[in-house]
Amino acid sequence: MLSGEWALGSMLVAETWPARLRGRVISINRATWCFGASLAGAITGIAAPNGMAHCGHGAGVIALLAIYVRATCPESPYWVRAQDRKRRIADTLARGGR
């Protein structure tokens, strides 16, 4: 799941950050993943000190949270425009236009 969210975050940066900062922000994001992984390990060690028995429940909660965020966040305006353009082109071609 991390890989998918990471790719989406990079795409969001590419679509919304100014061009002069995009490379720097994505590089910082990629270079600091180890800090997030370490923090996640520390939180897991504190939240589930009795071993892996509780980790399955935590993963389920995180998955539900990710589903909620994806369902409630609006689509990227760039993606919406691209889809609308594709639909209009397909409609024009279906009517025999150019």
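Visitor: What is the volume of the largest pocket?
Guide: This is a predicted model: local features need pLDDT of at least 70, side-chain atom pairs pLDDT 80 or more, and totals for chains, interfaces and linings use all residues. A pocket is an open set of 1 Å grid points where a 1.4 Å probe fits, with protein on both sides within 12 Å along at least five of seven lines. Probe spheres set on those points fill the volume. For the largest pocket that gives about 490 Å³.

Visitor: Which residues are closest to the centre of the largest pocket?
Guide: The lining holds 14 residues, each with an atom within 4 Å of a point. Numbering runs from 1 along each chain, and side-chain values use heavy atoms, without hydrogens and water. Closest to the centre are L8, R70, C73, P74 and E75.

Visitor: Which helix gives the largest share of that lining?
Guide: Helices are DSSP runs of H or I, at least four residues. Both α1 (2-16) and α4 (55-72) supply at least two lining residues. The largest share, six residues, comes from α1.

Visitor: What share of the residues is buried?
Guide: Buried means under 20% relative accessible area. The protein has 98 residues. Of these, the buried share is 7%.

Visitor: Is S10 buried or exposed?
Guide: S10 sits in helix α1. Its relative accessibility is 9%. Therefore S10 counts as buried.

Visitor: Which side chain joins that of S10 in a polar contact?
Guide: A polar contact pairs N or O atoms within 3.5 Å, one able to donate a hydrogen and the other to accept it. The side chain of S10 has one of 3.1 Å. Its partner is the side chain of R30.

Visitor: What distance separates the C-alpha atoms of S10 and G23?
Guide: Along the chain, S10 and G23 are 13 residues apart.

Visitor: Where is S76?
Guide: S76 is buried, because its relative accessible area is 18%. The place of S76 is in the loop between α4 and α5 (77-94).

Visitor: Which side chain makes a polar contact with the side chain of S76?
Guide: The polar contact of the S76 side chain spans 2.5 Å. At the other end is the side chain of E15.

Definitions and conventions. Buried < 20%, exposed > 50% of the residue type's maximum accessible area, 1.4 Å probe, protein only.
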